[in-house]
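Visitor: Please take a close look at a single part of this structure. I would like to follow the salt bridges.

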Amino acid sequence: MSEIISRLAVFGVGLIGGSLALALKRAGAVGEVVGVDRSIENLQLARDLGIIDRAATDAADAVTGADMVVLAVPVGQMAAVMRAMAPYLSPHAVVTDVGSTKQDVVALMQQHLVAHLDHCVPAHPIAGAELSGATAARADLYLAKKLVLTPLAQTRPDATSKVATMWQICGAQVRTMSAPEHDAIFAAVSHLPHLLAYALVDMIAQRDNAAQLFEFAASGFRDFTRIAGSDPEMWRDIALANRSALLAELQAYQAQLARLAGALEQHDSAALIGLFSRARQARQDWAAPINE
Ligand code: NAP
């Protein structure tokens, strides 16, 4: 594989940014990886694990000479990072991100990277885990996973295609859509499930007999609540950034729960069988290609 990036600057060398760096290094697609992180310990770990070649002292040091800059911090930190690096970006540097929400990142780029918008390529890898930090990074995280690009009206096609190629090298399948479409889709299939998992675990944990309930909770509870182990800061930022789409999904879910409660109150066996059967069929149809 030939080198497509000479110097990659990664802000936030955690699960997502660290896995990207590892995958590009394994493919021989990057010359040098420079890391920046809020935590010195995490940065040291990233160097020890071979995820980065060099820890930058600050944003200026990180982006000077970089031809690809990846923002892999929680979305609530994107503004501060963009502000810090903007004056030092090389004119040809491509700036991309991995944030789970896109309309907010697009708006921040338009606010803080005004002189650089033709090189900005917002992105979101649809891969991850409830684990955080450099120790969670894996070179194979993006294999056969989707990657969504939401380019700006100003983005140059060659910048978009450089970011697309970077992710394809990591094994991802690249899709392009608008930022509002992205945020509506992920409110439904990612952000809502995370809120439900957090809400259920918290509700159980607040009960007087929580210890007993957790003692008897088994695989169904484990599967449903795995994502409640996710990083609270990251999910606070995502929930607030995608607030309106998420509120609409919460209302739709509350209406669905009200229909279920009504069916229980009415002893409506047909309604329960109908809903459970439709859901089981849809779940099986969705999961089938994954298991092939
Ligand atoms: P992570 O493992 O916690 O890594 C993020 C890293 O960024 C942490 O080391 C964190 O330091 C550091 N950081 C935070 N603020 C910073 C700042 N201002 N400057 C420099 N470094 C900073 O999180 P992640 O899972 O990789 O998530 C990173 C991004 O990917 C988020 O925007 C998230 O929405 C997105 N994403 C996550 C997933 C997923 O499943 N996890 C999937 C797709 C996209 P600390 O150790 O101090 O917190």
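Guide: A salt bridge here is a side-chain nitrogen of Lys or Arg within 4 Å of a carboxyl oxygen of Asp or Glu. The model is predicted. By that cut-off, D158 forms a salt bridge with R156, and their closest N and O atoms are 2.8 Å apart. D158 is partly exposed, at 43% relative accessible area. R156 is partly exposed too, with a relative accessibility of 36%. Elsewhere, salt bridges with shared partners link R7, E32, R54 and D61 into one network.

In total, the structure holds 11 salt bridges. One of them pairs R38 with E233, with 2.8 Å between the closest N and O atoms. R38 sits in the loop between β2 and α2 (40-48), while E233 belongs to helix α10 (residues 232-241), so this pair ties together parts 195 residues apart in sequence. R38 is exposed, its relative accessible area being 61%.

D140 and R138 form another salt bridge. Their closest N and O atoms are 2.9 Å apart. D140 is partly exposed at 35% relative accessible area. R138 is partly exposed as well, at 39%.

Of its 12 residues, 10 are buried, so α1 is largely enclosed by the rest of the structure. Among them are L15, I16, L20 and L24. The buried residues of α1 pack against strands β1 (5-11), β2 (30-36), β4 (68-71) and β7 (123-126), and against helix α6 (157-169). Just after α1, G28 adopts a positive phi of about 70°.

Key. Residues are numbered from 1 along each chain as its sequence is written. This is a predicted model: local features need pLDDT of at least 70, side-chain atom pairs count only at pLDDT 80 or more; totals for chains, interfaces and linings use all residues. Side-chain values use heavy atoms; hydrogens and water are left out. Buried means under 20% relative accessible area, exposed over 50%, partly exposed in between (1.4 Å probe, protein chains only). Helices (H or I, at least four residues) and strands (E, at least two) are DSSP runs, numbered from the N terminus. Contact means heavy atoms within 4.5 Å.
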